[in-house]
Amino acid sequence: MAACCPLNTGKLNIKKMAYDKFTTLTSSVVPLPIENVDTDQIIPARFLKATTRDGFGDNLFRDWRYNGDNTPKEDFILNNPIYTGKILLGGKNFGSGSSREHAAWAVYDYGFRCVVSSFFADIFKNNCLNIGVLPVQISPEFSNEIFEAVYADPKTEVEIDLKAQTITLLSSGTKESFDINGYKKDNMLNGFDDIDYLQNMKSEIEAFTESRPF
Amino acid sequence: MSSTLFDKVWDSHVVRNIADGPDVFYIDRHLIHEVTSPVAFVGLKSRGLSVLYPDRTFAVADHNTPTINQHLPVEDPLSANQLKTLEDNANQYGISHWGLGHQNNGIVHVVGPENGITLPGATIVCGDSHTSTHGAFGAIAFGIGTSEVEMVLTTQCIMQPKPKKMRISINGPLSKGVTPKDVGLYIISQLTTSGATGYFVEYAGDVFENMTMEGRMTVCNLSIEMGARGGMIAPDEKTFEYIKGRAMTPKGADWDKAMTYWKTLKTDEDATFDKELVFNAADIEPMITYGTNPGMGMGISKNIPSAESVEGGKSTYDKSLAYMGYAENESMIGKKIDYVFIGSCTNGRIEDFRAFASIVKGRKKADNVTAWLVPGSHIVEAKIKEEGLLDIFETAGFVLREPGCSACLAMNDDKVPAGKYAVSTSNRNFEGRQGPGSRTLLASPLVAAAAAVTGVVTDPRDLL
Ligand code: SF4
């Protein structure tokens with residue numbers, strides 16, 4: 001990997017780990033074959049009134065998951081006990097719409113560590129990387145293959161190797177590599193976040209501020 | 001090397017470039033509100049960090065504030081708690097706070113420009129995706145997540161890879177009844193909601209040059225709805241005229257110095273973009289959306305397109321139309337409306353209320369319509385009164401509410417009931433955006449006004 005590992009120099013004053021390290025993940029998959037899933041569906045606005053970061057998983061996909069009287073909607077995939085796992089497989093253009101980071105928290109808090117899709121909305125992807133959820137973008141063909149494999153056998157497992165940047169459908173051996181920038185990758189592998197990095201360059205930032213015209 | 005407007009502003013804000021990583025990107029102005037900031041402060045406190053430059057952050061209460069009886073205590077305990085948390089955090093860290101009842105209060109993206117926080121060549125972020133609004137001034141402005149809010153508070157920087165560049169040019173005169181909102185909805189309908197993902201957009205051409213600052217804000221505001229990180233328009237005399245003398249703009253010698261810099265903020269002639277799109281102003285008519293994302297829009301006189309002609313797959317399309325209770329190839333004209341909302345950071349400025357008034361003047365609100373007229377700020381509210389628009393509204397049977405985000409995201413009591421139809425001047429028509437089960441038709445203030453007085457979807461050109 002490129003020489004961008006300032007987080008490993010030991011110079012940083014890390015107060016706490018931002019989230020759990022992510023190295024490899026082997027898990028069954030929860031399929032959500034819907035395109036353009038927007039963050040209003042992932043976590044409806046009325047749940048944004050919290051002032052802490054806990055408990056969002058309960059309201060993940062709230063209006064798709066529950067009826068108005070809070071009884072579960074049986075036909076929604078998250079309510080189907082045969083599909084479990086730490087990987088959420090979404091349709092194309094996952095996470096569009098509002099920039100709310102709560103959407104990523106909800107995904108994380110529910111227990112997913114990885115979202116796989118053939119296309120992600122920008123801000124959602126960024127938010128995920130900031131909080132320890134790995135977004136893995138794959139080809140539409142591979143996405144279809146995993147959907148089919150999971151429908152055929154809900155126990156089908158997918159392996160994600162962050163170091164090697166690969167995703168493998170274990171039943172067929174189909175493997176693809178995915179993109180992630182080196183900096184974010186290091187952060188995820190180490191459980192660090194951007195604040196840890198920025199804290200270490202305060203004097204450079206202060207000098208820059210002096211040069212600003214307004 | 002020739003460069004674009006975007007390059008010029010971006011490059012001058014890079015504190016450090018990380019190899020194979022993002023830029024450490026400096027933020028001049030940071031806006032916070034009650035919904036996305038509390039958790040950022042929790043993060044700060046748990047790490048024992050402080051706010052580096054409190055005078056570069058501005059706190060505004062807007063997302064879940066009530067739009068009536070703002071002088072009374074907020075009833076919803078969760079909203080009240082968020083508002084109180086914002087105030088406490090602002091006070092604790094020495095950040096200016098424009099809470100409920102403050103004369104500068106309003107929607108964060110409306111009050112920023114009004115008070116001169118928004119400047120050409122500045123970088124502006126907020127934990128709200130429609131921060132792109134401020135791009136109208138030649139600023140780089142975009143929405144960030146709560147982790148990034150925390151970063152800006154404590155280091156005045158965020159980590160950002162530089163986006164790709166797109167230019168959208170539109171030339172020619174706009175037709176009668178076509179507003180900046182229609183231009184925005186038209187572009188999104190052409191690009192789809194993901195067509196500009198990964199890009200930062202510059203709007204160019206005489207359509208944008210001829211727009212007022214309010215109109216430019218409406219267009220830049222909608223950039224995010226086609227997936228773009230943000231959108232911007234080169235500053236010109238109109239821009240300088242707008243910002244001059246506002247509370248927080250540079251004064252005296254600082255103004256002159258800033259002007260010298262601001263005048264360099266345009267794309268060089270031979271600069272290149274990663275993508276260039278050109279549209280023709282004559283192709284744009286008043287727009288309306290028929291589906292559940294902002295890309296599902298069309299000219300108001302057209303019929304709902306068939307599934308084959310729409311991106312996103314047939315299942316998404318069918319689901320969307322079923323939710324709306326509409327069918328392929330239907331006309332939208334004459335469809336019954338239950339609610340009309342004029343407001344939001346897209347269309348909550350004075351120009352929007354003038355447009356609304358131009359149609360409701362001398363007419364009456366339709367009996368079947370509940371209308372919410374929500375100014376974007378107290379300053380807008382005052383202008384509405386000053387210009388005599390309030391009289392026009394009241395004579396026509398409308399009530400003016402107090403400023404806030406209101407039915408744009410329905411976090412307060414302004415919720416459209418399940419199954420009801422709302423013509424809304426806001427920016428998102430997602431399922432349930434305006435209340436669980438609500439059905440939203442995005443449109444301009446003129447289309448909203450036409451619906452408000454007729455009770456059905458109506459071509460505003462018939463009433464102008
Ligand atoms: S009016 Fe709507 S889009 Fe604008 S800041 Fe408020 S909630 Fe966000």
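In which sense, left-handed or right-handed, does H2(B) pass H5(B)? The crossing is right-handed, the term used when the near helix is turned clockwise from the far one by less than a right angle (anticlockwise gives left-handed). The structure is a predicted model, in which local features need pLDDT of at least 70 and side-chain atom pairs count only at pLDDT 80 or more, while totals for chains, interfaces and linings use all residues. Residues are numbered from 1 along each chain as its sequence is written, chains are lettered from A in the order in which they are written, and side-chain values use heavy atoms, without hydrogens and water.

Helix H2 (residues 38-47) and helix H5 (residues 146-155), both of chain B, pack at about 55° with their axes 8 Å apart. Helices here are DSSP runs of at least four residues (H or I), and strands are runs of at least two (E), numbered from the N terminus. Axes are lines fitted to C-alpha atoms over the stretch in contact, with angles from 0 to 180 degrees between N-to-C directions. The angle makes H2(B) oblique to H5(B); angles under 35 degrees count as roughly parallel, over 145 as roughly antiparallel, 65 to 115 as roughly perpendicular and the rest as oblique. Among the residues of H2(B) that meet H5(B) are Phe41(B), Leu44(B) and Arg47(B), and those of H5(B) include Val149(B), Glu150(B) and Leu153(B). Contact means heavy atoms within 4.5 Å.

Over all chains, 27 aromatic pairs are found, a pair being rings of Phe, Tyr or Trp (its six-membered ring) with centres within 6.5 Å, stacked if the planes are under 30 degrees apart, edge-to-face if over 60 and tilted otherwise. The rings of Phe61(A) and Trp64(A) are stacked, because their centres are 5.7 Å apart and their planes at 5°. Phe353(B) and Phe393(B) are edge-to-face, at 6.4 Å centre to centre and 65° between the planes. This pair links helix H13 (residues 350-360) with helix H15 (residues 389-395) of chain B, the two residues being 40 apart.

H13(B) is largely enclosed by the rest of the structure, because eight of its eleven residues are buried. These include Ile350(B), Asp352(B) and Phe356(B). Just after H13(B), Gly362(B) takes a positive phi of about 80°.

Technical notes:
Buried means under 20% relative accessible area, exposed over 50%, partly exposed in between (1.4 Å probe, protein chains only).
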